[in-house]
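Please keep the sequence and the structure in view while reading.

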Amino acid sequence: MADRDGKIWMDGELVDWRDAKIHVLTHTLHYGCGAFEGVRAYNTVNGTAIFRLQEHTDRLFNSAKILRMNLPFSKEQLNEAQKAVVKANKLESCYIRPLVWIGSQKLGVSPKGNQIHCMVAAWAWGAYLGEEGLQRGIRVKTSSYTRHHVNITMTQAKAVSNYSNSILANMEALDDGYDEALLLDSSGFVSEGAGENVFVIKDGVIYTPDLSAGALNGITRNTVFHIAKDLGIEVVQKRITRDEIYIADECFFTGTAAEVTPIRELDRVQIGIGRRGPVTEKLQNAFFDIVNGRNPKYAHWLTRV
Ligand code: PMP
């Protein structure tokens with residue numbers, strides 16, 4: 001990805017894509033303390049707009065706070081940086097990646113004395129789990145890897161280091177012929193996907209793990225809460241077991257990258273009708289109406305670039 005035209009915002013300036021480099025002795029590269037966001041801009045009916053920009057920036061600052069990193073930029077500056085990057089790269093719809101990391105002034109576990117850096121990049125990125133996945137649903141494997149316990153790495157931070165767990169789970173699932181992994185928490189209850197929150201639907205009620213299962217407080221997850229309320233569907237946050245998924249009517253993942261992706265199988269057990277269910281389809285349609293600017297109720301979630 002490094003060799004392409006375009007601009008990346010780096011510590012307050014737009015620099016050429018190929019020049020957006022860091023030193024090999026960067027602290028975060030060695031010890032994994034950093035935080036990032038995944039944000040999307042859509043080509044809405046009113047032009048390109050970033051979906052829930054403020055909430056993503058707020059979560060980035062919360063992640064940095066949890067990791068005891070003082071960002072040298074304000075939330076307003078970060079919001080402007082994200083808009084600037086989309087504009088500078090002439091993107092109509094795209095994925096936006098803000099990242100904060102610890103510099104290369106010194107190594108050793110203690111990061112004290114190092115500078116905190118910040119960058120924002122953006123590029124075109126289609127359906128994360130495939131267009132076909134959005135339509136037909138994906139096949140998921142319960143991971144042999146446990147999701148982080150809430151007191152090991154901090155699960156409410158979108159921390160760089162948390163993703164080694166996601167990568168292991170995802171690689172295992174792909175190597176075993178599945179599309180994505182589902183991770184259980186350290187007590188064996190359903191937590192989340194490698195990069196997605198998970199929901200199940202049973203008898204017309206939507207269930208999702210509460211955050212004590214170590215799941216990230218997903219912004220798409222929250223969007224689904226709003227959509228369900230509008231549709232008059234109850235959402236319950238509770239402990240969920242993997243066999244509750246086997247016998248659910250429907251199941252789906254949510255995430256900025258994954259959007260609303262139906263799950264049609266878990267561990268080779270067919271879920272419901274074995275393809276996108278009717279409630280998932282309704283939620284998906286409502287989601288795409290909102291992000292594409294077709295629902296005026298949520299116009300305030302879209303920031304024009
Ligand atoms: N859990 C994990 C581990 C993730 O990486 C993501 C993607 N950010 C999510 C959940 C979903 O969060 P969001 O809807 O805010 O993208």
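Which element gives the largest share of the shell around the ligand? Helix 6 does, with three residues. The model is predicted, and the points below are grouped by topic.

**The shell around the ligand**

- The ligand is surrounded by 14 residues. The closest are Leu 216, Gly 218, Ile 219, Thr 220 and Thr 256.
- Two or more residues of this shell come from helix 6 (219–231) and likewise from strand 14 (250–255).

**Strand 4 and its partners**

- Strand 4 (residues 39–44) forms an antiparallel pair with strand 5 (residues 47–51) over four bridges. Within this pair, Ala 41 has Ile 50 as its bridge partner.

**Positive phi angles in loops**

- Lys 90 is not a glycine, yet its phi is positive, at about 55°. This residue lies in the loop between helix 3 (75–88) and strand 6.
- Lys 90 counts as exposed because 10 other C-beta atoms lie within 10 Å, and the limit for exposure is 12 or fewer.
- Asp 203, also a residue other than glycine, has a positive phi near 50°. The loop between strand 11 (197–202) and strand 12 (205–208) contains Asp 203.
- Asp 203 is likewise exposed, with 6 other C-beta atoms within 10 Å.

Terms used. Residues are numbered from 1 along each chain as its sequence is written. This is a predicted model: local features need pLDDT of at least 70, side-chain atom pairs count only at pLDDT 80 or more; totals for chains, interfaces and linings use all residues. A residue is near a molecule or strand if its C-beta atom, placed from the backbone, lies within 6 Å of it. Two strands pair if DSSP finds at least two bridges between them. A residue is buried if 20 or more other C-beta atoms lie within 10 Å of its own, exposed if 12 or fewer, and partly exposed in between; C-beta atoms are placed from the backbone.
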